[in-house]
Amino acid sequence: MTDTDFRNHLLAWYDNNKRDMPWRDCGDPYKIWISEIMLQQTRVDQATPYFKRFMDRFPTVHDLAKADQQDVLKVWEGLGYYSRARHLHAASKLVVEEFDGKVPNTWEEINELKGVGPYTASAVLSIAYQKKHAVVDGNVIRVLSRYFGIEDDVRSTKTKNTIQDYADDLISEERPGDFNQAVMELGAMVCTPSNPECEKCPLQANCVAHKTVKTEDIPYKSPAKKRPHHQIGVGIIMNNNEEVLIALRPDDAMLGGMWEFPGGKQEENEKMEDTVIRELREELDVDVSISKPFMKLDHAYSHFKITMHAYLCEIEAGTPQPNTSQEIRWITIDELEDYPFPKANRKLTEKLMNLDKGQQELEI
DNA sequence: AAGCCGGGGGC
DNA sequence: GCCCCAGGCTT
């Protein structure tokens, strides 16, 4: 099978099997850019409803550029990797101010946008502008490592460079954007991590991994590090005005720009109630007492796991003072849904809102 | 080069 | 439970 056969078989399969996506074949560089940011480390099915809401809320790059970061994060809430939203928002302002509101169409310029790396630059340039830049993502790594029988560790930069070279050689002159999307679509639908459907694959005849029965061994990935598990104590402080205290995480922190209930990590030989009292003293300079346990939940982040223990608290002494560069706010239960919260904290607000709703129904 | 950065679905 | 996902940024 020549490179031309590879392209023809793949593109014919793509034309007959590609999924419908709101940004696919639209020709709109703005939509294609947004979709590629959302699709970083995120499945199509997960990103799609977010993409639709995002476009309803920010139809053009101008709407995005003039929006508040909090509104952008609110639309992004639940999608994860929130720095993507902050970088995208900042990049939209650059597009408006420096590029006349047009998504750049050259390698040098598009790489000036925050959140755009080699993958996203190649994806936008090829899909929106028909430029010949081959993408290398998880799908491409899997498809090409199997096809060429590359058994080296795909975590290494050297192996990724090798795969980039293969992709650069293979990519179609006439349809570079479709070629890129076709490899990724094949990786998502047929050449899957486990149990690939090789009988449906247009490249099967020349695939080294298939011929040598190594599709379960390629791509090879060195073992991942174990993720530590932490115990986290948080305090839900209520005042006499039926308000709760929330804190804004700084932009340079994990979950930056999102709101949370204050708290922190349990130390060795520390009672969880004492963890909450200590953390609130350190963060807010107040003495609190624990009223009662509120909720316990497990959550997994990208590189550690937590069990979160939330308690209802009352202030015994002092007035909450935010740390430097951290904002705090007293808000009603109703207002909780207006602020962007990361997932674990959102589970707490949902229970608070349900309880509050139940209370009101009882009073009526 | 390695670590950091979310959340969800498949197995 | 673990793995993976249309990766990028920071050190």
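Biologist: Which residue classes make up the surface near DNA strand C?
Modeller: That surface has eight nonpolar, eight polar and 10 charged residues. Near means that a heavy atom of the residue lies within 4 Å of the strand. Asp, Glu, Lys and Arg count as charged, Ala, Val, Leu, Ile, Met, Phe, Trp, Tyr, Cys and Pro as nonpolar, and the others, Gly among them, as polar.

Biologist: What should I know about the model itself?
Modeller: This is a predicted model, in which local features need pLDDT of at least 70 and side-chain atom pairs count only at pLDDT 80 or more, while totals for chains, interfaces and linings use all residues. Residues are numbered from 1 along each chain as its sequence is written, chains are lettered from A and ligands numbered from 1 in the order in which they are written, and side-chain values use heavy atoms, leaving out hydrogens and water.

Biologist: Which residues are closest to DNA strand C?
Modeller: Of the 26 residues that surround DNA strand C, the closest are R24, Q41, D137, N139 and R142. Sugar and phosphate make up 68% of the atoms of DNA strand C that come within 4 Å of the protein.

Biologist: Where does R24 meet the DNA strand?
Modeller: A polar side-chain atom of R24 lies 2.5 Å from a base nitrogen of DNA strand C. A polar contact is a pair of N or O atoms within 3.5 Å.

Biologist: And what does Q41 approach?
Modeller: A polar backbone atom of Q41 is 2.8 Å from a phosphate oxygen of DNA strand C.

Biologist: Changing topic, where does UniProt place the "binding site"?
Modeller: The unreviewed UniProt entry places this feature at R249, E260, F261, P262, G263 and N345. These residues are spread over 97 residues of sequence, yet they cluster in space, with a largest C-alpha distance of 12.3 Å. Such annotations may be inferred rather than shown by experiment.

Biologist: Is F261 buried or exposed?
Modeller: F261 is buried, with a relative accessible area of 2%. Buried means under 20% relative accessible area and exposed over 50%, with partly exposed in between (1.4 Å probe, protein chains only).

Biologist: What about E260, buried or exposed?
Modeller: E260 is buried, at 13% relative accessible area. E260 lies in strand 3 (residues 259-260), where strands are DSSP runs of E with at least two residues, numbered from the N terminus.

Biologist: Which residue is the bridge partner of E260?
Modeller: A247 is the bridge partner of E260. Two bridges join strand 2 (residues 243-248) to strand 3, and these strands run antiparallel.

Technical notes: A polar contact is a pair of N or O atoms within 3.5 Å; within protein, one must be able to donate a hydrogen and the other to accept it, and residues adjacent in sequence count only if both atoms are side-chain atoms. Helices (H or I, at least four residues) and strands (E, at least two) are DSSP runs, numbered from the N terminus. Two strands pair if DSSP finds at least two bridges between them.
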